[in-house]
Amino acid sequence: EITLINNDGLKHHIGLPDFFITSHEVTDKGEKTVVTFVPFKNGGFTYHCILENHRELGMKGELIVLNP
């Protein structure tokens, strides 16, 4: 489960392309969205905001899956 909380009041999503996941959009400050999934492979996987230029601005991270 991944929770995205909007801290700035701008539009955001979260994407985890290796697992075919895209969250609902959050637009208001404090708004959150949750994606729940069962990982089907081991490894390190990048997640990021899928809006234009947000990934390049550092809105990304890594999910590490061990023994799915």
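Student: Is histidine 48 buried or exposed, and what is its relative accessible area?

Tutor: The model is a predicted one, in which local features need pLDDT of at least 70, side-chain atom pairs count only at pLDDT 80 or more, and totals for chains, interfaces and linings use all residues. Residues are numbered from 1 along each chain as its sequence is written, and side-chain values use heavy atoms, with hydrogens and water left out. Buried means under 20% relative accessible area, exposed over 50% and partly exposed in between, with a 1.4 Å probe and protein chains only. Histidine 48 is therefore buried, its relative accessible area being 11%.

Student: In which element does histidine 48 lie, and which residues does it touch beyond those up to four places away in sequence?

Tutor: Histidine 48 has its place in strand 5; strands (E, at least two residues) are DSSP runs numbered from the N terminus, as are helices (H or I, at least four). Contact means heavy atoms within 4.5 Å. Not counting residues up to four places away in sequence, histidine 48 touches His13, Ile14, Gly15, Pro17, Arg55, Met59 and Lys60.

Student: Which residues make up the largest nonpolar core?

Tutor: A nonpolar core is a set of buried Ala, Val, Leu, Ile, Met, Phe, Trp, Tyr and Cys residues joined through side-chain atoms within 4.5 Å. The largest has 11 residues in all: Ile2, Leu4, Ile14, Leu16, Phe19, Ile21, Val26, Val35, Phe37, Phe45 and Val65.

Student: What is isoleucine 14 in contact with, leaving aside its neighbours within four places in sequence?

Tutor: Isoleucine 14 is a member of the largest nonpolar core. With those neighbours left aside, its contacts are Ile2, Leu4, Ile21, Thr22, Ser23, Tyr47, His48 and Ile50.

Student: How many aromatic pairs does the structure hold, and why is the pair of phenylalanine 19 and phenylalanine 37 classed as it is?

Tutor: Rings of Phe, Tyr and Trp (its six-membered ring) pair if their centres lie within 6.5 Å; planes under 30 degrees apart count as stacked, over 60 as edge-to-face and the rest as tilted. The structure holds three aromatic pairs. In the pair of phenylalanine 19 and phenylalanine 37, the ring centres are 5.5 Å apart and the planes are at 40°, so the class is tilted.

Student: What class does the pair of phenylalanine 19 and phenylalanine 40 have, and how many residues apart in sequence are the parts that it ties together?

Tutor: The ring centres of phenylalanine 19 and phenylalanine 40 are 5.0 Å apart with planes at 70°, so this pair is edge-to-face. Phenylalanine 19 lies in the loop between strand 2 and strand 3, and phenylalanine 40 in the loop between strand 4 and strand 5, so the parts tied together are separated in sequence by 21 residues.

Student: Which residues form the aromatic cluster?

Tutor: Phenylalanine 19 is buried, with a relative accessible area of 6%. The cluster consists of Phe19, Phe37, Phe40 and Phe45.

Student: What is the phi of phenylalanine 20?

Tutor: Most residues other than glycine have a negative phi. Phenylalanine 20 lies in the loop between strand 2 and strand 3 and is exposed, with a relative accessible area of 72%. Although phenylalanine 20 is not a glycine, its phi is positive, at about 60°.

Student: Where is asparagine 53 found, and what is its phi?

Tutor: Asparagine 53 is found in the loop between strand 5 and strand 6 (60-65). Its relative accessible area of 42% makes asparagine 53 partly exposed. Asparagine 53, also not a glycine, has a positive phi of about 75°.
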